[in-house]
Amino acid sequence: MSSRRFSYWIPVALLLGIVLGAVIGFVVPRGESLPGDDSPEAGFARDMTTHHTQAVEMGLIAYTRAQNPDVRTMAVDIALNQQGQIGMMQAWLREWSLQPTGSQTPMAWMPNGAESVVNGLMPGMATQEQLKQLREATGLEEDKLFLELMIQHHLGGVHMAQEVIKLSKDQEVVEAAELTVNSQQRELTDMQSLQKEISAAS
């Protein structure tokens, strides 16, 4: 299948990720007590949705512009996986009868979390200027910038997931956060290897 034909399937795959995530969020059994509006679970679901949304955006940019085929594969995998997780977290909020956004400031669910927000951005998130640079970069420079930004993004996401594991008593949230930590740590290792490979070749 050509890259052009494959690109037609990406929006479909993203939609399927949302649906699958929503289904997982609804079918897993729960106890009687549901997280409240100011709970760590609700704050994590809302903030990680925002965090993941930027990762999806960066992944799709890199998929269309990266030169290295392994970077393109990594980028689209991240976009698809995190879109599925967004669907799951939004399903949690609906199940808990909560709105997608709350009244709390970003990271308020985490002890001293507000201190990790810099210029309105949660840990690891790229600035608008960095996203602009990613959109405009070409060739190996795009590959390098994507890996640099996504490594920082994943480090921030892992930190957030590790914190909700400590704070949450909701089994599904804890298990999902543990999967996030494990998968993103594997991707971090892969991206760091790609960084070395690209640097050696340039």
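Mentor: Lys144 and Glu141 sit 3 residues apart in helix α5 (residues 139-167), so about one helical turn separates them. Helices here are DSSP runs of H or I with at least four residues, strands are runs of E with at least two, and both are numbered from the N terminus. The model is predicted: local features need pLDDT of at least 70, side-chain atom pairs count only at pLDDT 80 or more, and totals for chains, interfaces and linings use all residues. Residues are numbered from 1 along each chain as its sequence is written, and side-chain values use heavy atoms, with hydrogens and water left out.

Trainee: What makes Lys144 and Glu141 a salt bridge?
Mentor: The term asks for a side-chain nitrogen of Lys or Arg within 4 Å of a carboxyl oxygen of Asp or Glu. The closest N and O atoms of Lys144 and Glu141 are 3.9 Å apart, so the pair qualifies. Side chains of opposite charge can pair when their charged atoms come close.

Trainee: Why is Glu141 called exposed, and Lys144 partly exposed?
Mentor: Buried means under 20% relative accessible area, exposed means over 50%, and partly exposed is in between (1.4 Å probe, protein chains only). Glu141 has 52%, so it counts as exposed. Lys144 has 29%, so it is partly exposed.

Trainee: How many salt bridges does the structure hold?
Mentor: The structure holds 5. One of them joins Glu57 and Arg135, with the closest N and O atoms 2.6 Å apart.

Trainee: What makes the Glu57 and Arg135 pair a tie between separate parts?
Mentor: Glu57 lies in helix α2 (residues 40-65) and Arg135 in helix α4 (residues 128-136), so the pair ties together parts that are 78 residues apart in sequence. Glu57 is partly exposed at 32%. Arg135 is partly exposed too, at 36%.

Trainee: Where do Lys132 and Glu136 lie?
Mentor: Both are in helix α4, 4 residues apart, about one turn of the helix. Lys132 has 40% relative accessibility and counts as partly exposed.

Trainee: How do you know that Met74 is buried?
Mentor: Its relative accessible area is 10%, so Met74 falls in the buried class. Met74 lies in helix α3. Leaving aside its neighbours within four places in sequence, Met74 is in contact (heavy atoms within 4.5 Å) with Glu187, Asp190 and Met191. The C-alpha atoms of Met74 and Leu194 are separated by 9.8 Å, though these residues are 120 apart along the chain.

Trainee: Is His51 buried or exposed?
Mentor: His51 has a relative accessible area of 1%, so it is buried. It lies in helix α2. Its contacts, leaving aside neighbours within four places in sequence, include Met122, Pro123, His153 and Met160.

Trainee: How many aromatic pairs are there?
Mentor: There are 2. Rings of Phe, Tyr and Trp (its six-membered ring) pair if their centres lie within 6.5 Å; planes under 30 degrees apart count as stacked, over 60 as edge-to-face and the rest as tilted. The rings of Phe44 and Trp109 have centres 5.8 Å apart and planes at 80°, so that pair is edge-to-face. Phe44 is in helix α2 and Trp109 in the loop between α3 and α4, 65 residues apart, so the pair links distant parts of the chain. Both residues are buried.

Trainee: What is noted about the phi of Ser97?
Mentor: Ser97 has a positive phi of about 60° although it is not a glycine. It is found in the loop between α3 and α4. Ser97 is exposed, at 65%.

Trainee: Where does Asn119 lie?
Mentor: Asn119 lies in the loop between α3 and α4. Its phi is positive, about 55°, although Asn119 is not a glycine. With a relative accessible area of 77%, Asn119 is exposed.
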